Amino acid sequence: MCSEASFINSGFGKYAKQILSRWHKTNKYIVAEFASYGMVNDPRDKNIDWIYYANAVRDNDPRYKEYMSRTDNQFGKWRFEKVLLDFKPDIVVDVRDFWMSGYQTLSPLRSYFHHILMPTVDSAPQQEEWVDVFLSTDAIFTYSDWGAQILKQQTNDKIKYIATASPGVDLDIFNIKDKNSCRQILGIDNDVFIVGSVMRNQKRKLIPELLVSFKKILSIFEKEKRSDKIFLYLHTTYPDMGWDIPELLNDHQISNNVLFTYLCKNCSNIESCVYCGPQKVCSKCFNKSSQFPSVSQGVTDEQLSIIYNTFDLYVQYAICEGFGMPQVEAAACGVPIATVEYSAMIDIISKLEAYPIKIKTYFKELETKAIRVYPDNDCLIDIILKELDKPISIRNNNRVRIRNLTEKYYNWDNIAKIWENYFDNLDFRADWSKPLPILRKASISNKDSNFSQFINLCNNTMKNSELLSSFKFLNMLQNADYGFHYVSPTQISGYGINNLCDHINTMIDNNNRSEEVRQKNIKFEEDFIQYAHLKNDI
Ligand SMILES: [Zn+2]
């Protein structure tokens, strides 16, 4: 499995850890992890008892410059062939975003292994290049049923979709606790209604729209002179590469009714309170060391479970989601969910009986070329008011029902089984003894070539018609014809046949080197290979 290292506290890291440990435990497979952001001699790797190939190097390493020279190296591009030739897998699995796994399809060793991708489909349509790659993949798993449906539609059902294997949730840590005691820990009154959300502070998350909606509800409460009975709880980060939280609070004049989590750097105490600046005095150790939790310094899952348990309603408010893990964590704590009727959030509506928040507007986003949405704030307001009106006894029954649904759909053991079923019924076995053709480099210069000559030449040198008719290659040809390409949506750079030629020659070099290593069974002396062997022997 190529992923973020299984000890990293990210969505991909967690998925790798939960799945790899279960596959490994079956004793049916030899499991290896190719770990982005994992290093050799990484103290965090001590609990990995399957094979571990580190992909990253430290910034004082002589190879650091090469590592940083292209963005996909951090996702494994620079070491992929070496790991393949050392491990010789039957199956390669990647559950990350397209731009993190795309290089695997172009590997000269692609024909050896059974390739399974589980892309994070977060909106429709998916880019043509991605769909082209997904079509060439041996099997596709998805994060959501919605994602599967989009891929099927876009490929006229040609995609080799196997199953939805959404991430699960730690059902022991995230569970229903006594709400009043959780509120006591965080300093929240028992008789208030809490609308909560847990999210990164980033553009995709609709924090401003959520505040606008909440402001409207608050004005109803103000008229009834009970504005101290409802709070919005935002578990997020500030400062971050996202919204200016104090500015938003000020815009809407709702500071008194919006709670945030503060985490003490010194004693790890968590408390919830209205905005008190980016740093405040910790109410436990009295140091000025309480801050918003962040990715690098976050609350523990146990603390997060306490936070969810204070919520009366959980709201997911975003323009799209690849999955939206906090919704499932909240549901495991029995919190009813309101979520936007778009992308993977639709799965939460159908599986966890969440309130659907209707869509107000669909729009196309520049950076991603994808369709995104703005939800209908009025619909969210209706949902909050509806939940508020429910008697406590009904709300309590619902908590149990939501918890049961979460156990049914988001249980890691079941999710690992979905993969196992597929592996166990797969007849394919890799044949690493089969030779690769040795290719001759293309020699062509910018001046003396025309496109049809060039394509013929590629065909003769590459001997790979599938690659030549791939969207990626056709796109490069078009770029060469146009004389430019988009490096990113906001950066254009020149491009010519010579660039394309360089690209092809690099692929040919890579092919020939791979074949030499494979054929002569050359052992790599590089530290990450040695370390993988050493760790495995121990
Ligand atoms: Zn403290």
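## Domains

Domain bounds here come from an automatic or database domain assignment. On that basis the chain splits into domain 1 (2-168 + 418-432 + 526-537), domain 2 (179-410) and domain 3 (451-519). The C-alpha centres of domain 1 and domain 2 are 32 Å apart.

This is a predicted model: local features need pLDDT of at least 70, side-chain atom pairs count only at pLDDT 80 or more, and totals for chains, interfaces and linings use all residues. Residues are numbered from 1 along each chain as its sequence is written.

## Where domains 1 and 2 touch

Two residues are in contact if their C-beta atoms, placed from the backbone, lie within 7 Å. Domain 1 gives 14 residues to the contact, and domain 2 gives 14 residues. On the domain 1 side, helix H6 (residues 145-154) supplies the largest share, three residues. That side has four nonpolar, eight polar and two charged residues. Ala, Val, Leu, Ile, Met, Phe, Trp, Tyr, Cys and Pro count as nonpolar; Asp, Glu, Lys and Arg as charged; the others, Gly among them, as polar.

## The whole chain

The chain has 20 helices and 20 strands. These are DSSP runs, numbered from the N terminus: helices are H or I with at least four residues, strands E with at least two. The radius of gyration, taken over C-alpha atoms, is 26 Å.

Technical notes
Rg over C-alpha atoms; globule rule 2.2 N^0.38 Å.
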